[in-house]
Amino acid sequence: MILPLKNTEGHRIVTEWLSSQKLQPFSFQEETWQYIIDGKSGLVNAPTGCGKTYSVFLGSLIQFINLHPDDFRKRKNSGLQLLWITPLRALAKDIARAMEEAIAGLEMNWKTGVRNGDTQTAERSRQKKQMPEVLIITPESLHLLLAQKGYAELFSSLKIIAVDEWHELLGSKRGVQVELAISRIRGCRAQFTNEPLQVWGISATLGNMEEALAVLLSPLNQKGKMVRAGTKKEVYKKHYAASEYKLNARRSFLKKETVGEGMIIESILPDEIEKYPWAGHLGIKLIHKVIPIIRNSRTTLIFINTRGMSETWYQKLLDECPDLAGAIALHHGSVDRELRYWVEENLHSGKLKAVVCTASLDLGVDFRPVETVIQVGSPKGVARFLQRAGRSGHSYDTDSKIYFLPTHSLELLEAAALKTAISRNFIESRMPMVLCYDVLIQFLNTIAISDGFDPGKVFQEVSSTYCFKDMSGDEWDRIIHFISSGGNALQQYDDYKKLEWENGSYKINDRHIARRHRMNIGTIVSEAMLKVKYVGGGYVGVIEEYFISRLQPGDIFTLAGRNLEFVMIKDMTVLVKRSSAKRSIVPSWFGGRMPLSANLGKVLRETLTSVKSEKQIFGSDPTLSNTYSESPELNALLPLFELQQQLSYIPKENELLIEQIETEDGFHLFVYPFEGRLVHEAMAALLAYRISLQTPITFSFAMNDYSFELLSDRPVPVDDSNVYELFSPENLMEDIQRSINSTEMAKRKFRDIAVIGGLIFQGFPGEQKKARHLQNSASLLFNVLSEYEPENLLLRQSYTEVMEQQMEEARLRDTLKRIQGSKIIIRFPQQLTPFCFPVKVDSMREDLSSEKLEDRINKMIMQYEI
Amino acid sequence: MQQPLKHIIRENTFWLSPDRVMYWEEEKSLIVADLHFGKTGHFRKSGIAIPQNIYKEDLQRLVSAVQNFKPQQLIITGDLFHSKANKELDLFLKWRNDLSSLKIHLVKGNHDILPDEWYEKAGFEVHQQKWEFQDFCFMHDPCDPDQRSKQTMTYSFTGHIHPAISLRGSARQSLRFPCFYFKKNYSILPAFGKFTGTHLITPEEGESAYAIAGNRIIQVA
């Protein structure tokens, strides 16, 4: 029987409270509330900043009030009612604050709790004794909760699991963690209640909303409801039409904003276009154009793609505007968390004029004082750009504005493409991950250290998730075998110990193993990090060991916006002194570099086509050169295009450009598919392999989002007679597998997999010392497994991941098919062209050789210089 | 398997084998460094499933080297065992029993943390810091300042750093191989155990290095 929402006590009480705040619910919120009281599950598709938190949270309160209409105010210690999973720690506090406001307004006795890596031990044990009604948690901390003895009982009263920012989690291993946790909670909750568990996702718009819903609800084995709020402008328009109340713009609940529709993108154009766009140089040069923007805006967020560049930007801004010292801040993943909190607090209160940040501020509730967003460098995708644009708190009836600042001139082309893509609402899909054995192995160990697990029961649960629905019984048996007996062993000479079989379940009893496992829970694998502290005490942040290992005592480096002098490393801690030196080294971080999305790549190629047609007009009538184009970016780029056309060619949408250029480095082959770094990496390996089948030749590779390069010490035999064959999609799988066997790709993937799967013990910064004899490098492990246990599941997974994510096999296949249907244009420019420059300076290189090892060694010896 | 290469030091002949061992012809001695036996077992005991075949193959390689060269003594310049005792060492002891006539000198390395009685029971002659024999000295860590000051006259054989050399070609290619590294007054042997990392070295003028590339050994400097 469906109970109409409006007839319920819960709805009456909640809307009364809202009215007292001069607020009225949005229609998508009421739609969600109705589904929640009906016991349904689903996905709310709503943009940030228009009450998506309240859609599920108030629904949960209404449900509770309806169940206890007489004493809902008095009831306390009701046990966990709502589990709120959020991807970012930084979000938890703000969400808790918004929820507490509502709870206090309704005079209810619910408590909210936050649980993540920053939660103090005392608070954790309080929660263990008495769970709050709402627990806000990260996927990692949720798994840590499952590693706690007696965890099942915590979920006995649970009604709803909410997964916030599902679009961020889907498509990552953290999403798989969420899937597994839902399946386990559902399974262990069944011993306490027959009531079905409800799961609600909250997501920004993706290209594949239906799939996002299906993945989330897969463990419940039901279809679920989709609630679509529309864009912010639509949400508010609809609301205004129905509402007789005045909106109270002060409240986060009804903050007014627009995203997508009504957004203005302005590129910051250099006064003079460099015809040769060296990567990474231009951004800082444009700083003088950024300063007036900062000065004229209340608060500005400056998004930088890498932590290293954000340090540089922060320094430069301070150098240029010393008067803004104290009003400019830096926010990225390696900055001390206290400092990050401080930055976030001061963003809320409007005390900061500008914050230089990385993806660390991508998500979450908006900072109201932020009026302006500047994106430095390519955002790589439409969705990400929209998300960042949405950080600014413009009033809903004016357009929001985001500035795009290119780091090399070709990126202006990307800005033009972004505008087109946004106007078409051409948003990327997120592909869910499947068969992540590393995450499964970690999860099984997790539940083995708390209460142990019954393999039959857990197999049912695990295979109810989307990620593992296609896992065979045989594969499951091999995983259990791997974690219980440790793969290949010498029987009587083996001490392997992990899972032990005890009263019908697998358990981990060894305290040391359990402790190490707890420390290792999570799927975000970072480089080995060291703590950085002042000699006189005081914590600065963390830094990659790799970076520090190259420094000498006395060297100056920059971290968290401070210039520091390296003194020494002691007990795995980097000791530093303050430095007033002007010059310093900026650390490089190996952050995940996002490839250009397929959507953006497609629009980019179209944009080039329009350049081409402009060029033709311009060619016949030079007076039109500066006035024809409606796109300021393309206009600015005309000199560069001119040079490119003169030296080589500008490819149209249905063309693929290949350039062969000889320099003193050797013979370069540049190919321009505009398909993103990952696909290019795979194509480079494939092409190198196929060429080398015809003639023994060795290459090194480089690639960026637009193109890739093969470099050899002899001419590369690619011409009209063989080029289509070389790009053929036939035998793709076989050729790729052969070509990547001799590369480092799988090895690089393997590092993360080995850490997640528990083969490499990472420890915490500063704690490695205790486990000295357990240190191990991923590349060594990869080599020995390849040699001694090639059938190892995690090793195999690294190859699968290389195919599916690294190579983006499906996209690669599409690209090759597209190329077969296009015209391939081969040019032999006499000098380097503007298009090839960014990739030329990209240093990421890989080896692939078909020459016999001996020949290669001999060749190298001849050239080897001591 | 390629034949070992000859390297002469102070009129003595040393044969370098791609099996990561060195044979001293005049004294009929087999010299090895950094075997790290028991390392896979140490990991496995902690719940990290490293395949034990690595260890099995290491042992077999040592056995076949002993059978090939038929040395009178085996000299180990440290890090014979990776960590504390475990079942894998029982397998080593079994092998030791079968070859009880072979004299073994162990110069202790930083990883050799078993009690001295253990080594004595296994029939080793243990040397705490170094062992001087004929005109040569055997020690573990080439960078140990206390020992280095005393070794200027004698030539030393050391280990510890697991040397490797990177060979570069044109087009910025490079490959990395374990190596034997001979400096003026001392040499550093490659790690014998396969489950070990490596440290890159750069030979200077007048020094020699031999890279181990699969089954081959090649002089590269």
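Two residues are taken to be in contact if their C-beta atoms, placed from the backbone, lie within 7 Å. Leu413(A) sits in helix H17 (residues 411-423) of chain A; helices (H or I, at least four residues) and strands (E, at least two) are DSSP runs, numbered from the N terminus. The C-alpha atoms of Leu413(A) and Leu604(A) are 7.1 Å apart, although 191 residues separate the two along the chain. Leu413(A) counts as buried because it has 24 C-beta neighbours inside 10 Å. The rule here is that a residue is buried if 20 or more other C-beta atoms lie within 10 Å of its own, exposed if 12 or fewer, and partly exposed in between, with C-beta atoms placed from the backbone.

Before going further, please keep in mind that this is a predicted model, in which local features need pLDDT of at least 70 and side-chain atom pairs count only at pLDDT 80 or more, while totals for chains, interfaces and linings use all residues. Residues are numbered from 1 along each chain as its sequence is written, and chains are lettered from A and ligands numbered from 1 in the order in which they are written. For the complex, the predictor gives an ipTM of 0.85 and a pTM of 0.80. The pLDDT, which is the predictor's confidence in each residue, from 0 to 100, averages 83 in chain A, where 83% of the residues score at least 70. Two stretches of chain A call for care. Residues 243-260 of chain A stay under 50 in pLDDT, and the model has 52 contacts for them beyond four places in sequence. Residues 843-850 of chain A are also below 50, with 25 contacts beyond near neighbours in sequence. Where pLDDT is low, the predicted coordinates should not be read in detail. Chain B averages a pLDDT of 89, and 93% of its residues score at least 70.

Now for a sheet in chain A. Seven strands build an open sheet with parallel pairing, in the order E3-E4-E2-E5-E6-E1-E7; two strands pair if DSSP finds at least two bridges between them. At its edges are strand E3 (112-115) and strand E7 (225-228) of chain A, each pairing on one side only. From one strand to the next, the twist averages 15°. Strand E2 (residues 82-85) and strand E5 (residues 160-163) of chain A pair in the parallel sense over four bridges, and Leu83(A) stands opposite Ile161(A) in E5(A).

Two helices of chain A are also worth a look. The axes of helix H9 (residues 173-189) and helix H18 (residues 437-450) of chain A come within 10 Å and cross at roughly 40°. These axes are lines fitted to C-alpha atoms, for helices over the stretch in contact, and angles run from 0 to 180 degrees between N-to-C directions. The contact involves Lys173(A), Val176(A), Gln177(A), Leu180(A) and Arg184(A) from H9(A), and Val439(A), Phe443(A) and Ile447(A) from H18(A).

Two loop residues of chain A have a positive phi without being glycine. Glu107(A) has a phi near 55° and lies in the loop between helix H4 (89-105) and E3 of chain A; it counts as exposed because it has 11 C-beta neighbours inside 10 Å. Phe674(A) has a phi of about 55° and is placed in the loop between strand E22 (666-672) and helix H25 (677-694) of chain A. Phe674(A) counts as buried because it has 26 C-beta neighbours inside 10 Å.

Chain B has an open sheet too, with seven strands in the order E1-E2-E3-E4-E5-E6-E7 and mixed pairing. Strand E1 (5-9) and strand E7 (124-127) of chain B each have a single partner strand, so one side of each is left without a neighbour in the sheet. Strand E4 (residues 29-32) and strand E5 (residues 73-76) of chain B run parallel and are joined by four bridges, with Ile31(B) opposite Ile75(B). Helix H2 (residues 53-69) of chain B packs on this sheet, touching strand E2 (12-17), strand E3 (21-24) and E4 of chain B.

Further along chain B, strand E8 (residues 130-133) pairs with E9(B) in the antiparallel sense over four bridges. E8(B) and E9(B) form a hairpin with two residues between them, and Gln134(B) in the turn has a positive phi of about 50°.
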